[in-house]
Amino acid sequence: MSKVNKKIALLWAMPALMVIAGLGFWLATQVTVKTHQSASNELAVEQSKLIKKKSKVGTVLDSKQPNVSAASNLLDKLFTLDWTIASQKEFDAKAKQMTPYVTQDVVKNSLDFKADPDKMITQTGVVMTYDHMDFLPTSARAKVVKGKVIVFVKSHLKDSAYATTRFVYNVTYNPKTNLVTQLDRIGTYQLQSDSSVL
């Protein structure tokens, strides 16, 4: 074949090669998309299984440990009132809102019922929002449920990002009266992480 014929053949072969390469790329993309969809579907199935399992655990807790479940529900309401604070006015009003959930001893002795004469919320401009709590019961009887609670609170100043603070409490709940009889804030809990293991 002469050089001219080779060049003509090459010019005619280029579009065919490009079409074949494009088809190969398209097929590879389709395989990747199908694999991704399959993985997404599997994750959705696993997530729904976990949600059902968590619901079942909650139902078992209600039936096997109704006092622990009642304590957890009441503490969740109490900490929502305690740690959702957007202004000094809300801070000053929270003790009155929390009082129906606790005994008078708690009102007298708990740090969470102390007044704020320095108006710290006004001075700092901090906004706090209750996120969730982890209730760790240490004993559960017919007349008393005791445990520790880690309360997760998100807070921020006007233009800053949210930070999470964890407050730790010793708590006691009376199932007969449906009141918290001990609410002792014992400090904050900090997580230290080593990024080299993540």
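A residue is called buried here when its relative accessible area is under 20%, exposed when that area is over 50%, and partly exposed in between, as computed with a 1.4 Å probe on protein chains only. By this definition R185, at 27% relative accessibility, counts as partly exposed, and of the 198 residues of the chain, 24% count as buried. The structure is a predicted model, in which local features need pLDDT of at least 70 and side-chain atom pairs count only at pLDDT 80 or more, whereas totals for chains, interfaces and linings use all residues. Residues are numbered from 1 along each chain as its sequence is written, and side-chain values use heavy atoms, with hydrogens and water left out.

The chain has five helices and four strands, where helices (H or I, at least four residues) and strands (E, at least two) are DSSP runs numbered from the N terminus. Read along the sequence, these elements follow the pattern α-α-α-α-α-β-β-β-β.

Three salt bridges are present in the structure, a salt bridge being a side-chain nitrogen of Lys or Arg within 4 Å of a carboxyl oxygen of Asp or Glu. In one of them K94 is paired with D82, with the closest N and O atoms 2.6 Å apart; this pair links distant parts of the chain, since K94 lies in helix α3 (residues 88-98) and D82 in helix α2 (residues 66-83), 12 residues apart. Both K94 and D82 are buried. Another salt bridge joins K119 to D92, with a closest N to O distance of 3.2 Å, and it also links distant parts of the chain, with K119 in the loop between α4 (104-109) and α5 (120-124) and D92 in helix α3, 27 residues apart. K119 counts as partly exposed because its relative accessibility is 35%, and D92, with a relative accessible area of 40%, is likewise partly exposed. A backbone feature of K119 is its phi near 50°, a positive value in a residue other than glycine.

The side chains of R185 and D112 also meet in a salt bridge, at 3.1 Å from N to O. This pair links distant parts of the chain, R185 being in strand β4 (residues 179-189) and D112 in the loop between α4 and α5, 73 residues apart. With a relative accessible area of 1%, D112 is buried, whereas R185 counts as partly exposed at 27%.

A search of the whole structure finds two aromatic pairs, for which rings of Phe, Tyr and Trp (its six-membered ring) must have centres within 6.5 Å, with planes under 30 degrees apart counted as stacked, over 60 as edge-to-face and the rest as tilted. The rings of F79 and Y169 have centres 4.8 Å apart and planes at 50°, so this pair is tilted. It links distant parts of the chain, with F79 in helix α2 and Y169 in strand β3 (residues 163-174), 90 residues apart, and both F79 and Y169 are buried. The rings of W83 and F167, by contrast, have centres 4.3 Å apart and planes at 10°, so the pair is stacked. W83 in helix α2 and F167 in strand β3 are 84 residues apart, and both are buried. The charged end of K94 sits over the ring of W83, 5.3 Å from its centre, the criterion being NZ of Lys or CZ of Arg within 6 Å of the ring centre and within 35 degrees of the ring normal.

Helices α2, α3 and α5 each supply at least two residues of its lining. By class, the lining has seven nonpolar, no polar and six charged residues, with Ala, Val, Leu, Ile, Met, Phe, Trp, Tyr, Cys and Pro counted as nonpolar, Asp, Glu, Lys and Arg as charged, and the others, Gly among them, as polar.
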